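Morning, everyone. Please have a look at it first.

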Amino acid sequence: MRKLSIVSVVGARPQFIKAAPVSRALRERHDEILVHSGQHYDYEMSDVFFEQLGIPRPDYNLAVGSGSHARQTGEMMPMLEELFVERAPDLVLVYGDTNTTLAGALAASKIGIPIAHVEAGLRSYNRSMPEEINRVLVDHVSELLFCPTRASLQNLGAEGITSGVHLVGDVMLDTARFFADEDGSRAVLEEYGVRPGEYYLATVHRAGNSDNATRLAAIVDAFARLDKTVLWALHPRTKGNLENFGLVSRVEDSENIVITPPMSYVHTVSLLSDAAVLLTDSGGMQKEAFFFGVPCVTLREETEWVETVESGWNQLAGADTNRIVEAVADATCPTAKPEVYGDGHASEAIVAAVEKHFGLV
Ligand code: UD1
């Protein structure tokens, strides 16, 4: 079989988790050139994921760092363009919905290199989310669209995108399956003084929550009113805004909120699997809670992962203190957990579809 040359573009924490299994499957038969945009750069936001998930060292690091949306996206594009021209890959692979995804897709599309989008078709139908804009644009310039769910496939159909669309399942389930047996991390519960089932795990990073003083304060108040320890793994954006909005003392004065730094994948999975409930505004973690059979309360008004809500594993509580507290009290584990995210072999399905697309099989 002819070896394909594929450039994968990653840059933010969730993309490392998604790229790990795809990269592993791709490299069995093809040449992958891995590009890190540098959107996330702290050790605990980036390097630790490469180490734990066994992702090869990036061939390029663009080191763009933080900035406004336009600056961040704009700075990546000429560097990506130059690199795409020089390496002339058969395909550019992008993941999810971050500014890195958009920059990779726009740069490749204008010079005629086909794009494959992993996690295509997700929609919140909320255009105030930067991620929603990124997803829509990326889907509309992609030649291959890898959908994790039926709902995402239907969303694309509703926008007239039917060609090159493949329902492959969710690559995050591939990663979760791969690491399900990793048990080197129970110690992390002891480190934070919590026992299985007796704490809540929380993450907040979405701009709509963390950049809004009213919403962030309402979330802090809800956490402080809960009946168990809330282990809050703090994203740097949220950490900064707790300080900017004068909310640090509210966190410190609460008796049950325990702040932790951003956590590695293995520690997150370990703390998640043993949590009573996950409170989050992350997209990926809503699914991971579902994978590990933990009820989720989502701190948003809508979700792209509608299956988690429809199956009773997830409740939408927005950033409303009372709704959050009530949702946690109501959270239960439904008896059924439908196989809506595939079978944990999405990466192999992606590689197979790519090979078919290039007429190799
Ligand atoms: C980005 C993605 C979001 C994804 C999230 C995962 C966009 C528009 N958003 O949001 O979809 O869910 O990543 O975490 O692409 N910072 C650090 N160290 C880092 C990285 C960031 O301190 O290593 C701080 C900086 O102050 C920065 C802020 O976090 O300004 C926000 O980072 P940014 O990459 O712009 O967006 P995220 O909120 O991480």
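Before going on, the ground rules. This is a predicted model, where local features need pLDDT of at least 70 and side-chain atom pairs count only at pLDDT 80 or more, while totals for chains, interfaces and linings use all residues. Residues are numbered from 1 along each chain as its sequence is written, and side-chain values use heavy atoms, leaving out hydrogens and water.

The protein chain has 17 helices and 13 strands, taken as DSSP runs: H or I of at least four residues for helices, E of at least two for strands, numbered from the N terminus.

Next, helix α1, residues 13-26. Of its 14 residues, 12 are buried, including F16, I17 and L26. α1 bends by about 35° at A19, with a proline, P21, following within four residues. That bend is the angle between axes fitted to the seven residues ending there and the seven starting there.

Now the ligand. It is surrounded by 18 residues, the closest being H40, D42, E131, H205 and R237; the criterion is a heavy atom within 4 Å. A polar side-chain atom of R237 is 2.6 Å from a ligand oxygen atom. For E131, a side-chain N or O atom is 2.7 Å from an oxygen atom of the ligand.

Definitions and conventions
Expected span 1.5 Å × (residues − 1). Buried < 20%, exposed > 50% of the residue type's maximum accessible area, 1.4 Å probe, protein only. Polar contact = N/O pair within 3.5 Å; in protein donor to acceptor, adjacent residues only side chain to side chain.
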